[in-house]
Amino acid sequence: MTQYSGKSVYKGISMGKVLVLKKGEYQVKRSKVENAEEEIGRVKQAGEQAQKQLQVLYDKALKEVGEASAAIFEVHQMMLEDDDYLDAIHNMIRTEMVNAEYAVAVTGDNFSEMFANMDDDYMKARSADVKDISERLIRNLSGQADADLSAMPPSIIVADDLSPSETVQMDKEKILGFVTVHGSTNSHTAILARMMNIPALIGVPMDLSKINNGIDAVVDGFAGTVIFEPSDEVRGQTETKIQDEKEKAKLLQTLKGKENVTLDGQKINLYANIGSVGDVGYVLENDAGGIGLFRSEFLYLGRNDFPTEEEQFQAYKQVLQTMAGKKVIIRTLDIGADKQVDYFNLGKEDNPAMGYRAIRICLTQTEIFKTQLRALLRSAAFGNLSIMYPMITSAEEVTRIQKIVEQVQQELEEQGVPYQIPEQGIMIETPAAVMISDELAEMVDFFSIGTNDLTQYTLAIDRQNEKLDEFYNPHHQAILRMIQMVVDHAHKHGIWVGICGELGADLALTETFVRMGVDELSVAPSMVLKIRKAVRELDVSKKNG
Ligand code: PEP
Ligand code: MG
């Protein structure tokens, strides 16, 4: 039995088999070989293995997400047979007498750069594909298994770190817990874990090379511990705790269908945050009154090319129809910072959190923005949609957005495509937006306060930097006063205001938010009933403290 402690990002408990993801640890080294033909044979074998892997992925995607999305795996299969690509690898092995891994890595980099520099957008996007197939070949050559997360039994995922795009690709039904060596509590991977109701620990100082696949483990998000190969005693205690949690969850179920109202009659809307169409089930299961934040950028992650207007339209429509008239607030693309997507070719930045992200990309690469807006406006007729724009810092940005929306509207009108203009609001997640929130309130229909970024920018603390977790204090008076300021400005100008950052789910602040007059809290689905319980036990007519 080995026990480690870490930072808990979701308070839950689970027990199950471990799956260790040892990705990215393989460093390609250049070495001399005696027999070039033998190396070329290895490349051939790795290619055949890759063809089979891609066929499995194609079949799965075809079944689950349709032909359009599955096609990418066919493209990869064709690229693997491309003569130019293979000739370049073979030539390098023969002329330089180097190992197959090295030849594939160098050729992959060269081809990927060549595609990235092409003018044609389609060819540009192939850059990420070449990288992808080269990495697959290298994995196969080095004997690393392709972590097939779709075929895995329910497991506790143990990894060095997980990126948001890796996390979104996982089959949530099969994940019993996450345990990672790195990561910060405010990262999007942590947010995803909370959204999925998955016990998760980060910052666990374990040596992955000493942990074997298939051993048993207990992840206890309450105690912040993970125990590998637990004793019978620990297993017994864990089973009791899991049972207790189930009982508590059952009690919360009795709150379904009840109002979010304090004892003295003050109401608040409780909505849920989601990242994918598949999360809508959790929203309904937990009886949220609507969706307060659909992080639409997750539709762009974990794939090799931009989602088309039609793909987006279908996704938004499905969420709106499933929510059947309840409010659905879809946030436009918030890519950049920790949410990196190869095909955007954003380039490396010294300071990505303060960099080229979110609305800044949308306002400069307007075609990407317009495609999303077209899909949104078209989907609006299918339910109760609101659109929300992230990372606003100025009134000029809002004016520019409004102009682009007008253009999109005009284009749809001219093309005779049915659409509606929904409610539109902005996220207040920069100190600048807070300070001019009186001016902004006159331009939009609502505000939603993004406390994750607002805290990062106000306290000058990179939310991704695990070393700073102890300084990241979202209860800081600066943050709380800013929230009050935004609420007051919103109400003065007759618009509603919510909180969709993680702070909205902080039970220690529920009373504060109700007293401040916040109209809506949008939280992880699993938190909705817990907050409803807290709200129903409050009496804000009584003086505080
Ligand atoms: C926020 O910043 O609080 C927010 C809700 O957006 P995200 O966490 O996706 O940046
Ligand atoms: Mg944000």
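Predicted model: local features only at pLDDT ≥ 70, side-chain atom pairs only at ≥ 80, totals over all residues.

**Entry 1: a ring pair between helices**

Phe111 has a relative accessible area of 16%, so I log it as buried, the limit being under 20%. Its partner is Tyr85, and the two form an edge-to-face aromatic pair. I get 5.7 Å centre to centre and 80° between the planes. Tyr85 sits in helix α3 (residues 83-96) and Phe111 in helix α4 (residues 100-116), so this pair ties together parts 26 residues apart in sequence. Tyr85 counts as buried too, at 2% relative accessibility.

**Entry 2: the other rings**

How many aromatic pairs are there? The count comes to 10. Another pair I checked is Tyr4 with Phe228, edge-to-face, with 6.0 Å between centres and 70° between planes. This one links distant parts of the chain: Tyr4 is in strand β1 (residues 2-5) and Phe228 in strand β8 (residues 225-228), 224 residues apart. Phe228 is buried, with 2% relative accessible area.

I also noted a cluster, in which ring pairs link Tyr300, Phe306, Tyr343 and Phe344.

Then I went looking for charges over rings. The charged end of Lys317 sits over the ring of Phe382, 5.0 Å from the ring centre. Lys339 does likewise over Phe298, with its charged end 5.9 Å from the centre of that ring. The cut-off here is 6 Å from the ring centre, so the 5.9 Å of Lys339 falls within it.

**Entry 3: the second largest pocket**

I put its volume at about 1,600 Å³. It is lined by 45 residues, and those closest to its centre are Tyr10, Lys11, Ser526, Met527 and Lys530. Which element gives the largest share of the lining? That is α8, with 8 residues. At least two lining residues each come from β2 (7-10), β3 (13-21), α8 (232-253), α16 (451-458) and α19 (528-536). By class, I have 19 nonpolar, 13 polar and 13 charged residues in this lining.

Glu429 is in the loop between β13 (423-428) and α14 (431-435), while Asp453 is in helix α16, so the pair ties together parts 24 residues apart in sequence. Both Glu429 and Asp453 are buried.

I count 3 cavities of 30 Å³ or more. The largest cavity has a volume of about 80 Å³. Its lining has 15 residues, and the closest to the centre are Arg295, Arg331, Met427, Glu429 and Asn452. β10 (290-295) and α16 each supply at least two of the lining residues. How does this lining divide by class? I get 3 nonpolar, 4 polar and 8 charged residues.

Most residues other than glycine have a negative phi, so I wrote down the exceptions I came across.

Ala324 has a phi near 40°, which is positive. It lies in the loop between α10 (309-323) and β11 (327-331). Buried or exposed, I wondered about Ala324? It counts as exposed, at 64% relative accessibility.

Ala337 has a positive phi as well, near 55°. This alanine is in the loop between β11 and α11 (359-364). Ala337 counts as buried, at 15% relative accessibility.

The last one I looked up was Ala478, which is in helix α17 (residues 477-492). Ala478 is partly exposed, with a relative accessible area of 27%. I also took the distance between the C-alpha atoms of Ala478 and Thr240: they are separated by 42 Å, and the two residues are 238 residues apart along the chain.

Technical notes. Residues numbered from 1 in each chain as written. Chains lettered and ligands numbered in written order. Heavy atoms only, no water. Phe/Tyr/Trp six-rings, centres within 6.5 Å; stacked < 30°, edge-to-face > 60°. Helix = DSSP H or I, 4+ residues; strand = E, 2+ residues; numbered from the N terminus. Buried < 20%, exposed > 50% of the residue type's maximum accessible area, 1.4 Å probe, protein only. Lys NZ or Arg CZ within 6 Å of the ring centre and 35° of its normal. 1 Å grid on protein atoms, 1.4 Å probe; cavity = no way out; pocket = protein on both sides within 12 Å on 5 of 7 lines; lining within 4 Å. Points joined across faces, edges and corners; volume = space filled by probe spheres on them. Nonpolar A, V, L, I, M, F, W, Y, C, P; charged D, E, K, R; others polar.
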